[in-house]
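Let's take a walk through this model together, from its open spaces to the strands inside. Have the structure open as you read.

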Amino acid sequence: MALVTPLTGTGDVAVEDVGRLVATVRPYVDALLPALSTGEGWALTDRQWHDMVAATVRCREGLPVLAGIQRPTTEEAVARARTAAGLGVTAVVAPTPYGPDVTQEEMYRHYETLGGEGGLPVVVYHEREVSGNDLRPDTLRRICALPSVVAVKDSAGDPAATRALVAARPGVPVLQGLEHLLPETEGVAGHVAALANVEPALCAALHTGPVSDHTAALAAACERHGLDRPDWYRALKSELYRRGVLTTERTTGTGGVS
């Protein structure tokens with residue numbers, strides 16, 4: 001599951017809140033993913049990113065930890081991957097380099113270098129919003145053939161393309177990264193859900209049973225928790241604060257204390 005990043009009123013990672021959050025979801029999930037988009041990974045300082053990943057590793061109790069890496073260049077992504085390896089994570093999850101001028105070949109070389117020099121297996125984070133570009137299907141399949149690539153987290157928002165990737169048998173699991181598209185992509189190997197921060201039991205049921213059995217509950221939960229908002233992570237933090245899991249609602253874009 002993709003974790004939010006709990007912050008203190010001064011903007012530090014709230015380590016005790018991380019432990020509480022992980023404890024609430026641990027019985028329902030197969031892995032923990034800190035510091036990706038739901039964790040505001042694009043905006044975390046180096047210290048916040050380090051402390052969030054380290055805190056997740058400390059309280060994982062046997063669960064794999066996949067560290068999100070959202071940095072604009074290959075060099076920066078490799079540096080964070082090496083740090084993540086030293087912290088004891090299982091793999092990293094990373095998008096392409098940032099910018100619409102990045103070529104398809106540069107995207108391929110990015111993952112080749114990240115896997116070869118970062119020291120950890122790589123999950124491809126297929127998205128558009130942060131990187132500002134898009135992997136073509138043929139490029140993505142080439143990347144999936146790299147020995148260091150172990151999965152794809154598909155958050156690009158195109159269910160037809162996701163189904164086509166699954167049908168192409170890329171050799172690695174394809175995971176849906178957008179909860180509301182699960183009913184349209186039932187062929188995926190699993191999902192990486194922001195919703196699991198607040199509805200872990202429902203997300204577990206979506207994984208183990210036919211998604212069609214839970215379509216109405218999924219739609220209602222996505223609406224209730226604001227997952228269609230551009231700042232969905234803020235809505236999730238507000239709910240977790242209301243429940244007493246987090247001690248503040250603070251995000252990287254707010255300066256006030258909750």
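**Pockets and strands**

In this predicted model, 27 residues line the largest pocket, and Glu 129, Ser 155, Leu 178, Leu 227 and Trp 232 lie nearest its centre. A pocket here is found on a 1 Å grid over the protein atoms alone, as an open set of points where a 1.4 Å probe fits, with protein on both sides within 12 Å along at least five of seven lines; lining residues have an atom within 4 Å of a point. Its volume is about 660 Å³, counted as the space filled by probe spheres set on the points, which are joined across faces, edges and corners. The lining comprises 14 nonpolar, six polar and seven charged residues; Ala, Val, Leu, Ile, Met, Phe, Trp, Tyr, Cys and Pro count as nonpolar, Asp, Glu, Lys and Arg as charged, and the others, Gly among them, as polar.

A word on conventions: residues are numbered from 1 along each chain as its sequence is written. Because the model is predicted, local features need pLDDT of at least 70 and side-chain atom pairs count only at pLDDT 80 or more, while totals for chains, interfaces and linings use all residues; side-chain values use heavy atoms, without hydrogens and water.

Now turn to the second largest pocket, with about 550 Å³ of space. Met 1, Asp 30, Ala 31, His 191 and Val 192 lie nearest its centre, among 27 lining residues. By class, 20 of these are nonpolar, five polar and two charged. Helix α7 (200–208) and the strands β2 (91–94), β4 (149–154) and β6 (190–191) each give at least two residues to this lining, and α7 has the largest share, with five. Helices (H or I, at least four residues) and strands (E, at least two) are DSSP runs, numbered from the N terminus.

Next, look at β3, residues 122–126, where five of five residues are buried, that is, under 20% relative accessible area with a 1.4 Å probe and protein chains only. In a regular strand, side chains alternate between the two faces of the sheet. Along β3, Val 122, Val 124 and His 126 point one way, and Val 123 and Tyr 125 the other.

On one pairing, β2 and β3 run parallel, joined by three bridges; strands pair if DSSP finds at least two bridges between them. Val 93 stands opposite Val 123. From β2 the chain passes through helix α4 (residues 104–117) to β3 in a right-handed β-α-β crossover, meaning that, with the strands pointing away from the viewer, the path from the first strand over the helix to the second runs clockwise.

β3 also pairs with β4, parallel over five bridges, and His 126 has Asp 154 as its bridge partner there. Helix α5 (residues 137–144) carries the chain from β3 to β4, again in a right-handed crossover.

Key:
Buried < 20%, exposed > 50% of the residue type's maximum accessible area, 1.4 Å probe, protein only.
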